[in-house]
Amino acid sequence: MTATGVREQAEDRIFAALANTTRREVLRLLREGGPQPVQVLADHFDMRRPSLSEHLKVLREAGLVSEERSGRQRIYRLEAAPLAGVSDWLHPYERFWRDRLKGLGELLDRMPDDEA
C-alpha cells in the first residue's frame with residue numbers, strides 16, 4: 001500500500017471514531033479532566049462497561065487515546081495530535097463558509113432598511 005493509502009486509512013479511522021457522540025464525549029471528558037481510569041469514564045454513561053470498552057478500542061485504533069496500565073486500572077489519555085489532520089481538512093470549508101457569510105453580510109448592508 002502506498003503512503004497516501006495508509007494516510008487515507010488513518011484519516012478514515014479518525015473520522016469514523018469522531019462520528020459517534022459517545023466517543024466525542026469521551027474525548028471531551030479526557031480533554032477537560034485529563035487522564036482517567038475506565039471506571040471514571042464509565043460513570044458518565046448509561047451503558048455497560050464492555051460497551052464503553054468497545055468505544056475506547058475504536059478511539060485507540062484511531063490514535064485519539066492511549067491506554068496505560070496502572071496496577072489493575074487502565075488509564076486513558078487524550079492524544080490530540082491526530083486531530084490536527086481533521087483541522088487541516090476542515091480549514092478550506094471554514095474559509096468557504098466565512099467568505100459566503102461575508103458576502104451575505106455585504107448584500108444585507110446594501111439593502112434598504114424596511115420602514116414600518
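**Notebook: salt bridges and the sheet**

I began with arginine 77, which is partly exposed at a relative accessible area of 38% (buried is under 20%, exposed over 50% and partly exposed in between, using a 1.4 Å probe and protein chains only). I note that this is a predicted model, in which local features need pLDDT of at least 70 and side-chain atom pairs count only at pLDDT 80 or more, while totals for chains, interfaces and linings use all residues. Residues are numbered from 1 along each chain as its sequence is written, and side-chain values use heavy atoms, with hydrogens and water left out.

I then looked for the partner of arginine 77 and found glutamate 68, with the closest N and O atoms of this salt bridge 3.9 Å apart (the term asks for a side-chain nitrogen of Lys or Arg within 4 Å of a carboxyl oxygen of Asp or Glu). Glutamate 68 is itself partly exposed, at 43% relative accessible area. The structure holds six salt bridges.

For accessibility I noted glutamate 25 as partly exposed at 26%, arginine 28 as partly exposed at 28%, and glutamate 32 as exposed at 52%.

I turned to the sheet, where three strands stand in the order S1-S3-S2, open and with antiparallel pairing. The edge strands, each pairing on one side only, are S1 (36-37) and S2 (65-70). Helices (H or I, at least four residues) and strands (E, at least two) are DSSP runs numbered from the N terminus, and two strands pair if DSSP finds at least two bridges between them. S1 and S3 (residues 73-78) pair over two bridges, and glutamine 36 stands opposite tyrosine 76 in S3.

Helix H2 (residues 21-33) packs on this sheet, touching S1, S2 and S3, and its direction makes about 85° with that of S3; contact means heavy atoms within 4.5 Å. Helix H4 (residues 49-61) lies across S2 and S3 and runs at about 115° to S2. Axes are lines fitted to C-alpha atoms, for helices over the stretch in contact, and angles run from 0 to 180 degrees between N-to-C directions.
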